[in-house]
Structures are given as C-alpha cells and as structure tokens.
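Hello,

Here is the structure I promised to pass on. Please open it alongside this message; my notes follow below.

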Amino acid sequence: MSREAENVLLLLVGVATAMITIGGAYTRYVKPSMLPWLAVTAAVVIALALISIATDIRRGSAAEDDHDGHPHHGSVAWMLIVPVVVLIFVTPPALRPQAVTPKVTAVSTEVLRRPFPALPAGRAPEVSIPDVMTRAAQDSAGTLDGRLITVIGFTLPQPGGVDLGRVVLICCAADAQLARVHLGGPAAAELATYPEQTWLTVEGVVLPGAADGDSTSIPTLRVAAATRIEAPANVYA
Amino acid sequence: MPLVVMTIIGFALLGGTLRAAVYDSTALSTAGTVFSGVFVQALPFLALGVLLSALIAVFVTPDRLSRWLPRRPSAAVLTAAVGGAALPGCECGSVPVARRLYGEGALGAAALTFMLAAPAINPVVVVSTVVAFPGEPRMVVGRVGASLLTAIVMGLAWSRWGRTDWITRRLPRARTGQGSNWQTFIEAARHDFIQAASYLVIGAAAAAALNVMVPDWVIEHLAGQLLLGVLVMALLAVVLALCSEADAFVAASLTMVPLVPRLVFLVVGPAIDVKLFAMQSGLFGRAFAVRFAPATFVVATAAATVVGLAILGGGG
C-alpha cells in the first residue's frame, strides 16, 4: 500500500472518530465521559494525517520515499478501512438487552454494608437502576425505605411478571451488564402487557426485604405510576 | 491510492444495505457494537501511547537509555517493572512504547517487562480495582503483586532465552543527516499509529466475534471449581480483551466465581489477550508473538494462582 493511501486511511480514521464524537453515536460504544478524550484523539489523528500529506507533497514526490529504505506495512493497513466503514456507514446500534452476557447483576457482594448518602430532595427523585440495586442490597441507612423514586428503563417481560432493565456500561460495549428491578403492585399487571423493550418512566417505592446484603436478589419496585417515553439519548445507565 | 478511494466510494454506496443487514441481525449488530466499543475505547490510549513512542524515537536513543538503566539484566528488569507504574492507561498504549524502547541485551528484557507491568499496575488501574472491590483490599494487593511477578519473570526469561532475531518487524530508520526532530516525531507517530491501529482492528474484531460466541453457561457453572475456574477465567480474559481499566468491574460482577479465578482474570487480561497478540505480532513480528504470548499466558496464570492462593486462601 502506498504512502498516500495510508495517509488517506489515517485521515479517514480521524474523521470517523470525529463524526461519532460530534454526532453523539459514541455513547453507544463507550461512556459519555470519554467525550474530551475522543475529541482530542480525533484532532491528533487528523492533524497527523494532514501533516504527513503536506510533508509528502512539499517533498515533491512521495514515490521517492518508496526507494529510500522505508519498510512498508504491506497490506495490513487495509484493516483500517474496517473501522471507517463500521463507524461512518454502518454505525452499529446500542446493545440490546438480550445481547448482554453474562446476565448477572452489576453489583459486587464483597461489599460491607454501609450508609449511603441521602437521595436528592424532591417528591420522586430519579435514581438509576444500578443505584437502586446497590442501595437495596448494601445500604445500612435505608435511604430507599418508603421513599417514592423515579426510575427509567425498558420493560423485560418475565414469566409471571415484568422487570424494568437498563444496560450498564463500565468502560465500553465489550463489558456491558444488565441491571434490572422487578416491577410489582397492581399497576404492574398492565405494564406486563407492553411489548418487550418499551421505554418507561416509573414512579414507585422499593419494597423492603430485599436488603439482606445478597446482591443476587433483585429488588422489587411497587409501581405508583408509569409513563411510556422515547428512548433516551444515552440508552445506557 | 485510487483503490482506497474507490473502495470507500463502494462502501458508501453499499452503506444502506450493509446497515440494514447489521441492524436486522442481533448477532451482527452486537458484534458490530462490541467491535466499535473495543476500538473506540482503545483509540485515545493508542494515540497517547503513539505520541509517547514518537517522543521516545526523538529523544531516547538506545545509548541514552542504557546509561539510565542498571547494567545488570536483573536490576534493569526490576527497574522497568516498577517504572511501569508511570504510564497511566490501558494496555493498547504500552505495546508501541515498548517497541520503541526495545534494544539489545538488558534493554530488550526491560522493555518487555515494562510492556507487561504498565497496564496492570498503573495508578488508574489500581484505583479502579479498589473501587470495584470495596472491602477486599487483598484483591488489589494480589493483582499488583501477581502482575509485577509476571512481568519480572517474563523479563528475566527473555534475558535468559529470548532471541532478538525473533523480532522481525523493523522500525523505520531515522534518516541521518536530514530531517529535524519534528520530522522524526511525525514519521514515528505516523508509522506506529498505522501499524498498531491496523492490528488493533484485527484484535477488536476477534474479541467481538468471541464475545458473541461465548455462551452464558460457561460462567454460570464455575462455583466451587477452583482449577476449572482458573482455566476458564484465564481463557475468558484472553478472548474478551477488556480494557485493563474496566476488567476489575467485570470481575467484581461475576459473583458466582470464586476470588482466585477472578484474580487470574485480572492478571492475565492486561498481560495478554487477542488484541494484544495481534498488536504484538504487528509491531514485533509473528515469530516473537507466537512465542512470547503463550509464555506470558502460562506465567500470568501460574503467578496469579500462586499469589491468589497465598493471600486469598483456597476457599476464595
């Protein structure tokens, strides 16, 4: 592969990174907190490609380079076309819950029970599903007890009920986990009839009894009210 | 050059069809998303590593480096292992850096030790392990200890048995007489990025394919099976190719697996996985990678098991 072709691919990798960063698709693959690093990376790669192209042009002929002892990378640089095509033209969707393995909770049991900071003030503060699971299993201060909270997730119909789930990213899409709470109470019966992966905002109270320090038990939320919503911009918790 | 442009135009025209095919298939879209996840996550660390390796190409000549390092190979390896703590990032960045540091004799062993130690014991990884395993400081001690042990054993083994002629990939020579520091820097960064990123693509694709193919029950049947657990978790670390800053959280979530196999997972992953194997064969050469990678796998698994049994106990 010629130097110019390599430079073009380098430029395209930088452009692909810039496109998913600016367009927001990067939140399907990595944590939103990666934003500044991806922006810097895109700038660095694009600059590297442009400087290389400019240097080769100024030097007159890049062909000259082919004969001055530079080993070439052979055909492996063609591989760079894969992320360019995948990120720019395909832009794979966010993970679906059935794709998430292993299907376990995102909570560690090696945790001593400890008091958690109080929930935000307000009638029904929003708490993420992983946070609900952690607090239900490990909170010795009982911050969830009898408290109306708001959780956002998608429905996961189960035999004899329905769960509200959210895919959790730790670092990137390769390490995704599925966090879930059971939905209980009379209002949950109607939610169970919704198609799988209907996005909901649910207000409810976590039932006591789950707080036994065993993170494998999934807490149950007694539903007070539920509203169908559009999928949020960042689908991961 | 025209070929690249035509290929891109071809994919642009096919884009809609390709996209529909991926979105329609759960397996394909999961693989695509996992591939993008591994690649996009690694990219900033790769860029950091490449800038660092280009700086090394300009300022750290082999002469200068061997003057800084202790003369005796064992002392050089120890220094390099501890020095690994100074490169905060995950493993993708450390391969190009190690390739630039590599040299004859003690220098080679020290560079490889650095490559294995840096992704496992740097402050970012230690902190994320502490956060992932609250109330279990022995996991952190075990991870740092076993990773250092792996890096040192591999470094000493290289200085004893390693042969430089296995390293078939040559770096572009710095032009003598012409070109400024700036040009050397750009040329080194360009070369290392293209080389490392191309192999990162292969590794990320392998990780994505395996991620889709490893069935769930593999992990669910490991409770109370120490030896089987160690082996499965070591292999899982290789095929999942997680970032060393994230693997502690994944290990923490596998609550049905005893602690010792999970420690093995944390020690093997940053030392060797499918994407690192691809990157090593790209930057060092295949003859190197097919020897170094399996040896690293065995040493890391053994070191983590021994350290784990010593400080965590057999019950896990």
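This is a predicted model: local features need pLDDT of at least 70, side-chain atom pairs count only at pLDDT 80 or more; totals for chains, interfaces and linings use all residues.

Pro186(A) sits in the loop between β3 (177-184) and α5 (188-191) of chain A. Its C-alpha atom is 8.9 Å from that of Ala224(A), which is 38 residues away along the chain.

Now to chain B.

Chain B has 15 helices and zero strands. Its C-alpha trace spans about 65 × 60 × 30 Å along the principal axes. The radius of gyration is 20 Å, which agrees with the value near 20 Å for a compact globule of 316 residues. Of those 316 residues, 56% count as buried.

Next, where the chains meet.

In chain B, 63 residues are in contact with 65 residues of chain A. Which elements of chain B give two or more residues to the side that touches chain A? They are α1 (2-24), α2 (26-59), α9 (181-213) and α12 (247-253). Helix α2(B) gives the most, with 16 residues. By type, this side of chain B divides into 39 nonpolar, 17 polar and seven charged residues.

Then there is α13(B), which packs against two helices I looked at.

The first topic is α11(B). Helix α11 (residues 226-240) of chain B and helix α13 (residues 259-271) of chain B pack at an angle of about 25°, with axes 8 Å apart. Angles under 35 degrees count as roughly parallel, so α11(B) is roughly parallel to α13(B). Their crossing is right-handed. From α11(B), the contact takes in Leu226(B), Gly229(B), Val230(B), Met233(B), Ala234(B), Leu236(B), Ala237(B) and Val238(B). From α13(B), the residues include Val260(B), Phe265(B), Val268(B) and Gly269(B). The contact residues divide into twelve nonpolar, two polar and one charged.

The other topic is α8(B). Helix α8 (residues 137-161) of chain B packs against α13(B) at an angle of about 45°, with axes 10 Å apart. That makes α8(B) oblique to α13(B). This crossing is right-handed. On α8(B), the contact is made by Met139(B), Gly142(B), Arg143(B), Ala146(B), Ser147(B) and Thr150(B). On α13(B), it is made by Leu259(B), Leu263(B), Leu266(B), Val267(B), Pro270(B) and Ala271(B). Eight of the contact residues are nonpolar, three are polar and one is charged.

Last, α14(B).

Is helix α14 (residues 274-283) of chain B mostly covered or mostly open? It is mostly covered, with ten of its ten residues buried. Among them are Lys275(B), Phe277(B), Met279(B) and Gln280(B). What covers the buried residues includes α2, α5 (91-101), α9, α11 and α15 (286-312) of chain B. Gly285(B) follows α14(B) and has a positive phi, near 120°.

Over to you.

Best wishes

Key
Residues are numbered from 1 along each chain as its sequence is written. Chains are lettered from A and ligands numbered from 1 in the order in which they are written. Axes are lines fitted to C-alpha atoms, for helices over the stretch in contact, and angles run from 0 to 180 degrees between N-to-C directions. Helices (H or I, at least four residues) and strands (E, at least two) are DSSP runs, numbered from the N terminus. Angles under 35 degrees count as roughly parallel, over 145 as roughly antiparallel, 65 to 115 as roughly perpendicular and the rest as oblique. A crossing is left-handed if the near helix is turned anticlockwise from the far one by less than a right angle, and right-handed if clockwise. Two residues are in contact if their C-beta atoms, placed from the backbone, lie within 7 Å. Ala, Val, Leu, Ile, Met, Phe, Trp, Tyr, Cys and Pro count as nonpolar, Asp, Glu, Lys and Arg as charged, and the others, Gly among them, as polar. The radius of gyration is taken over C-alpha atoms; the globule rule is 2.2 Å times the number of residues to the power 0.38. A residue is buried if 20 or more other C-beta atoms lie within 10 Å of its own, exposed if 12 or fewer, and partly exposed in between; C-beta atoms are placed from the backbone.
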